[in-house]
Each structure stands twice: as structure tokens, then as C-alpha cells.
Amino acid sequence: MTAASATSPIEAEPDGLPVPRRYWAILAIALAITLAVLDSAIANVALPTIARELHASPAASVWVVNAYQLAIVVSLLPLAALGEIVGYRRVYQAGLVLFTLASLLCAVSRSIEMLAFARVLQGFGGAGVMAINGALVRHTYPHAKLGQGLGINAMVVSVSAALGPTVAAGILSVATWPWLFGVNVPIGIAAIAMASFALPRTPTTERPFDWPSAMLNAAAFGLIVYGVEVWGRGAVLFGAGLVVGGAACGLLLTLRELPRPAPLVPFDLLRIPIFGLSVATSIGSFAAQMLAFVSLPFYFETVLGRSAVETGLLMTPWPAATGLASPLSGVLADRWPAGVLGGIGLAVLAVGLALLATMPAPVSDLDIVWRMGLCGLGFGLFQSPNNRAMLGSAPRARSGAAGGMLATARLTGQTAGAASVAIIFRLQSHASSNVPLVAAAVLALLAAGVSLLRGARRASLA
């Protein structure tokens with residue numbers, strides 16, 4: 001039985017939601033994705049404070065971040081598949097409820113172990129939001145405005161990422177760390193209330209949920225992601241063993257999933273040339289972005305002599321420019337080929353990264369700011385058209401799988417980029433090199449070439 005067969009009596013809106021319901025749905029989607037993105041940045045900033053107040057070691061406190069990220073990575077594709085079976089709205093609402101309750105549990109945690117457990121639950125809730133986000137955007141906006149909708153969605157993600165450190169610092173200046181998670185509760189309740197009446201209802205399928213594939217998927221992604229991180233921290237043999245184990249699970253998963261008409265891992269979609277190229281472009285671009293994001297603070301402080309506060313401010317122009325460019329590129333994506341727009345955007349990103357890598361040691365803040373802004377502009381020009389190509393090239397009945405793959409490609413690229421920085425720093429025995437920036441520029445240029453391979457082919461909307 002295929003994904004498109006055996007639909008429920010509830011049919012999806014034929015061409016997006018009517019106004020004003022569409023606006024309420026957009027607001028509910030924006031609030032939910034804001035919570036999921038903000039929580040990653042907020043926890044990173046607060047780690048020293050949390051470790052100190054809970055009397056935890058730095059190594060143990062890192063699990064406050066790792067637990068959240070691993071829970072998301074292992075559950076994205078299974079939850080996207082579940083959305084196709086029971087409806088995207090249900091999975092999204094369940095994810096929101098779990099995320100909100102887990103945020104409350106985080107706020108009342110009194111040990112690092114309890115907090116890490118709460119963060120696992122929060123990660124599963126966040127995955128429910130991220131995995132279904134793209135599919136809901138596709139069913140919320142009319143056919144002709146999908147790029148615009150994805151542009152607004154990308155802007156929300158970028159602004160949330162940019163504001164994360166500032167929001168965390170602001171809360172910690174007037175309250176204790178539990179409020180970093182406590183503020184999620186009223187916002188989550190508001191998003192749940194709006195989602196209950198505004199989100200689109202979509203067709204469901206009668207195929208059963210594939211538990212063995214879900215378990216293999218969790219093992220493959222979990223072991224590989226954690227293994228790469230451990231490898232980057234210096235435990236080479238242990239990390240390599242985890243990666244090999246994850247690869248073995250991935251091979252079993254592939255053999256199981258390939259013959260299926262609607263597999264949990266969307267091999268059917270990856271066979272579509274424009275979808276596969278868009279996934280490859282996404283992984284490469286996010287790896288380049290993370291290579292820069294992780295290495296730049298070290299470069300600014302160690303080589304350029306900036307303070308921690310100055311470094312935080314100098315990092316802001318990139319996501320801010322991405323947020324400004326994303327809605328515009330989304331509108332353009334409804335009119336122009338995604339491959340061309342994405343290729344131009346990634347070429348601009350590569351130029352910006354090369355300019356950052358070749359900055360002279362005595363450089364003004366203004367010279368850093370415009371280079372960071374150029375990177376953000378290029379990334380924003382790429383992101384919305386690429387997301388539109390991925391979602392638009394998938395059959396409408398497989399929107400969940402396409403959205404789950406979109407989020408998985410992003411996290412895979414980010415994980416690879418962060419691990420690459422750790423490996424480069426370890427090989428060089430210091431963190432003041434511009435090698436990660438050079439590598440990021442080369443990777444962005446390669447991704448631009450992959451994007452241009454799509455040429456003038458537009459994603460056809462099913």
C-alpha cells in the first residue's frame with residue numbers, strides 16, 4: 001500500500017488554508033519552531049551557570065546539550081513517518097505538549113541527571129515540531145506562495161538563532177537558570193491553543209508504523225552522530241567503533257527500506273534528482289555554516305583579540321542578514337529556479353567566508369560586520385529556494401518524509417561541520433587557525449556547484 005492510498009475521510013485543504021485561519025496557523029508554527037530553535041542556543045550559553053549551581057562537572061553538564069540534540073537526531077525521520085500515518089497535526093500537537101511539559105520538568109530539576117532526562121523528553125518534543133514543520137507549511141500556504149511561506153519560516157529560525165544568546169543573557173541577568181526553561185511554558189501553551197484550531201488537517205494512511213526500521217534508524221543516526229562527536233574530542237578508537245556500529249545499522253536499515261514503496265528513510269524521494277541534489281546541497285551548506293560558527297569565536301578572541309561580549313555581538317550580523325534575506329529569497333523562489341538562486345547564494349557565502357579567512361590581524365569591527373553580513377546574505381538567498389525545491393519535488397502525500405529529510409539534512413550538516421572543527425583544532429593543537437574558514441569556503445563553493453547542477457529545473461508541486 002502506498003503513502004497516497006487509503007486516506008482518511010478528512011481531506012487536506014486543496015490549496016492552502018483560507019485567511020484568516022492561515023495567519024493563525026502561521027503564528028502557531030512560528031511559535032513552536034522558535035521554542036525548539038531557541039532552546040539549543042539558550043542551553044549552550046547557560047551551561048557554566050547550570051554546572052556550577054547543580055554541582056556538576058563540565059563533562060556531565062555537556063549532556064544538557066547533547067541529550068537534546070541526540071533525541072532530535074534519532075527521532076526526526078520516525079516522527080515524520082508517523083505524521084503521514086496519523087496526520088501531521090496530531091504529531092505536531094503531541095510534540096508541542098511534550099516539549100512544554102518537559103520544559104516545566106527542566107525548570108524544576110535539581111540534579112544534572114534529572115535535567116538531562118528532561119532534556120531528552122524535550123528533544124523528542126522538539127523533533128515532533130521540526131519533523132512536521134515543513135509539511136505543515138506546505139499544507140498551510142497556497143501552491144503559488146510556498147516559497148514565500150518557507151522564506152518566512154527560515155526567517156523565524158534565523159532570528160531565533162540570533163536572539164538565543166541575547167535572550168539567555170537577559171534572563172540570567174534578572175532570574176535564575178530554571179527560568180530559561182520556565183519561560184517556554186506559557187509560550188508553549190499559547191502555541192498549543194492556536195494549533196488546536198488553526199493547523200491544517202491532512203490525509204492519513206492505513207499502513208502500520210514500522211517499528212524495526214525506526215529502531216534501526218535511531219541506532220544508525222545516534223551512534224554515528226555521537227561517535228563523530230566523541231572522535232572529535234580525541235577518543236579516536238571509541239568514536240570510530242561507534243561510527244562503525246552506526247554504519248552497520250545504517251546498512252541493515254537501507255537493505256530493509258529500499259524495496260518499500262513509502263520507506264521511513266525516504267529513498268523513494270532521494271531517487272528524484274532534484275530532491276537528492278537539494279539534500280546534498282543542504283548538507284554541504286550547513287556543514288560550511290557550522291565550520292564557521294564554531295571556529296569564528298576562537299578566531300575573534302584568540303587572533304583578533306576581541307572580548308567574549310564583543311565576539312557575541314560580532315557573530316550576530318550573520319543570522320540577522322539571513323533573517324532579512326530569507327523572505328525575499330522565498331518570494332523569488334516562487335518565480336525563479338531554485339538551483340540558480342541557491343547556487344548564487346552559496347557562491348556569495350563562499351566569497352564571504354574567503355574574505356573572513358583572509359582578514360588581516362588588525363581589523364576593524366566594521367570590516368568584520370560587513371563580511372559576516374555578506375555570509376548571512378548568501379546563506380539566506382540559498383536556504384528558502386533549496387527548502388522549496390525539496391518540499392516541492394516530493395509528492396504531496398510524502399510531504400512529511402520530505403520535511404523530515406529537510407530537518408535531518410540540516411542537522412547532519414551541522415554535526416559534520418562541528419565535528420570537523422574539533423578534528424582540525426586537534427590536529428593543529430590550537431584553535432587560532434583560519435583553516436576551518438578556508439575549508440568552509442571550499443565546501444560552500446562545492447555546494448554551489450551541486451546546486452547549479454539542478455540548472456533551470458523547477459520542482460513540480462504535486
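Colleague: Where does His 55 lie, and how do you know that the place is a loop?

Modeller: His 55 lies in the loop between helix 1 and helix 2 (58–61), where helices (H or I, at least four residues) and strands (E, at least two) are DSSP runs numbered from the N terminus. Please bear in mind that this is a predicted model, in which local features need pLDDT of at least 70 and side-chain atom pairs count only at pLDDT 80 or more, whereas totals for chains, interfaces and linings use all residues. Residues are numbered from 1 along each chain as its sequence is written, and side-chain values use heavy atoms, with hydrogens and water left out.

Colleague: Why is His 55 called exposed?

Modeller: The relative accessible area of His 55 is 75%, and the cut-offs are under 20% for buried, over 50% for exposed and in between for partly exposed, with a 1.4 Å probe and protein chains only; His 55 therefore counts as exposed.

Colleague: What makes the peptide bond from Val 19 to Pro 20 worth a mention?

Modeller: That bond is cis, with omega near 10°, and Pro 20 is found in the segment before helix 1.

Colleague: What makes Trp 24, Leu 27 and Phe 197 a patch?

Modeller: Patches are built from residues with over 30% relative accessible area and no salt bridge, like charges being joined within 9 Å and nonpolar side chains (Val, Leu, Ile, Met, Phe, Trp, Tyr) within 5 Å. Leu 27, in helix 1 (residues 21–53), has 39% relative accessibility and so counts as partly exposed. Together Trp 24, Leu 27 and Phe 197 form a nonpolar patch on the surface, with about 310 Å² of accessible area, as given by the Shrake-Rupley method with a 1.4 Å probe, only the protein chains shown counting as cover for residues.

Colleague: How many cavities are there, and what makes a space a cavity?

Modeller: A cavity is a set of points, on a 1 Å grid over the protein atoms alone, where a 1.4 Å probe fits but cannot get out, and its lining residues have an atom within 4 Å of a point. A search of the whole structure finds two cavities of 30 Å³ or more.

Colleague: Why is the contact of Asp 39 with Arg 119 called a salt bridge?

Modeller: The term requires a side-chain nitrogen of Lys or Arg within 4 Å of a carboxyl oxygen of Asp or Glu, and the closest N and O atoms of Asp 39 and Arg 119 are 2.9 Å apart, so the pair qualifies. It links distant parts of the chain, with Asp 39 in helix 1 and Arg 119 in helix 5 (residues 112–140), 80 residues apart. Both Asp 39 and Arg 119 are buried.

Colleague: Why is Glu 84 called buried, and which residues form salt bridges with Glu 84?

Modeller: Glu 84 has a relative accessible area of 2%, and therefore counts as buried. One partner is Arg 207, with the closest N and O atoms 2.8 Å apart. Arg 207 lies in the loop between helix 8 (184–198) and helix 9 (211–232) and Glu 84 in helix 3 (residues 63–86), so this pair ties together parts that are 123 residues apart in sequence. Another partner is Arg 398, with a closest N to O distance of 2.9 Å; Arg 398 is in the loop between helix 16 (365–393) and helix 17 (399–428), 314 residues from Glu 84. Arg 207, at 13%, is buried, and Arg 398, at 5%, is buried too. Glu 84, Arg 207, Asp 268 and Arg 398 are linked in a network of salt bridges.

Colleague: How many disulfides does the structure hold?

Modeller: With the definition of a disulfide as a pair of cysteine sulfur atoms within 2.5 Å, the structure holds zero. Cys 106, at 0% relative accessibility, counts as buried, and Cys 375, also at 0%, counts as buried.

Definitions and conventions: On a 1 Å grid over the protein atoms alone, a cavity is a set of points where a 1.4 Å probe fits but cannot get out, and a pocket is an open set with protein on both sides within 12 Å along at least five of seven lines; lining residues have an atom within 4 Å of a point. Grid points are joined across faces, edges and corners, and a volume is the space filled by probe spheres set on the points.
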